[in-house]
Amino acid sequence: MGAFDVAVVGAGPAGSTAAFRLASAGARVLLVDRAAFPRDKPCGGGVTLRAARLLPFSLEPVVEDRIERMEVRLAYRSSFARTAREPLALMTQRRRLDHFLLQQAERAGVDVRTDVTVRDVHADALTVDGEEIGARIVLAADGCNGKAARSLQLAGDVVHGVALEANLPYGGAVSRHRFGRTMVLEIAAVPGGYAWIFPKGDHVNVGVGGHESEGPRLRAHLRRLCEEHGLEPEGLTETRGYRLPMRRPDGTLARGTAAAIGDAAGLVDPFSGDGMYEAFLSAKLAAEASLQVLAGRAAGLEPYAAEVARRITPLTAAGWGAKVAFDRFPRTTFAIARLPVTFSVVERLLRGELSHPGAARGLEKGAIRLIYAVAARAGDPGRAFHAAPA
């Protein structure tokens, strides 16, 4: 039976980044994934500057566009536009991004095995293509549909959102001049979520997402998004749906020498549906905790869960608050969101200059307090996170 310091199950953004960090620090790391790379993955493909700045290397080789402007509309009615002082997000495609991150891990010395069958995942071993492999630490990073976290009895129940996306090539009504460098958001166009148009290198990504109960109606929502923006629904390609895992406050993220990270841990923002920042940060926190265990300075990975509670849970709570505020009182919340001072908070959050909305000060804090007040009146489920263990 082969032995590693750390075995990471799942080579998405969280898994590959954690493996890279661990191998760079001298650990013997195994990274496994059932897919052959490069492979596509349903996702809007946006990486905020806040998320990108967590990485110890540049994403420049896979960047296809940069978001400098946001157009926001309330359910195809009232609208506003804001231009940022500098880019807010990088646009890429998951086929390119995930393969790039995997290559960084391999170059750091990680033993990468893709297109394999993984079974019997335990806290100290797993079976890969019939071979039992030992590991001092096991990290579950195989996404919301993976089995590793469940096998390790981690993460627990999660609330799922659903999304449907497709691509439209540039040309005709799909103008690079119109959509390039611009993030188009249709807030509350879908119950429990929104619709979007994101620019890429040679096409735009259009999508809709919301409550799990909206699944049967997502195609109709996607068609309306296209029609409202003068785009041809018949021209859509690569249409695919997916689930968005959102962690419950009582979910366990670490037990002994096993932990769940990224989507496998349900670390997706409840409002935006974005999990890239949470993937990169949970990978960093889990890698740091793992190195402490390997050095004999900690017995288990519970400190990782405590750091998630400190650094990610406030964002999760804020996300639930924004989600329920827009759901129950969309016009009031939109009126607050369109204030220039509110956009200043959003801008600073996306660039990583603000750790979470509650950290805002002065006039910015006043705007956030208004949204929190609306959320509280709507019965904000995010309040459960403030006192919940990780």
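Two strands pair if DSSP finds at least two bridges between them. In this predicted model, strand β9 (residues 118-119) and strand β10 meet that condition, with two bridges in the antiparallel sense. Arg-119 has Thr-127 of β10 as its bridge partner. Five residues lie between the strands of this hairpin. Among them, Asp-120 takes a positive phi near 50°.

Strand β10 also pairs with strand β11 (residues 131-140). The sense is again antiparallel, over four bridges. Here Ala-125 stands opposite Gly-134 in β11. The two strands form a hairpin with two residues between them. In that turn, Asp-129 has a positive phi of about 50°.

Both faces of β10 (residues 125-128) are covered. Ala-125 and Thr-127 are buried on one side. Leu-126 and Val-128 are buried on the other.

The helices were examined next. Helix α7 (residues 276-294) contains Ser-290. The relative accessibility of Ser-290 is 0%, and buried means under 20%, so Ser-290 counts as buried. Beyond residues up to four places away in sequence, Ser-290 touches Leu-22, Ile-137, Leu-139 and Leu-301.

Helix α9 covers residues 313-328, 16 residues in total. At 1.5 Å a residue, α9 should span 22 Å. The C-alpha atoms at its ends are 23 Å apart, which agrees. Of the 16 residues, 13 are buried, so α9 is largely enclosed by the rest of the structure.

Methods: Residues are numbered from 1 along each chain as its sequence is written. This is a predicted model: local features need pLDDT of at least 70, side-chain atom pairs count only at pLDDT 80 or more; totals for chains, interfaces and linings use all residues. Side-chain values use heavy atoms; hydrogens and water are left out. The expected span of a helix is 1.5 Å times one less than its number of residues. Buried means under 20% relative accessible area, exposed over 50%, partly exposed in between (1.4 Å probe, protein chains only). Contact means heavy atoms within 4.5 Å.
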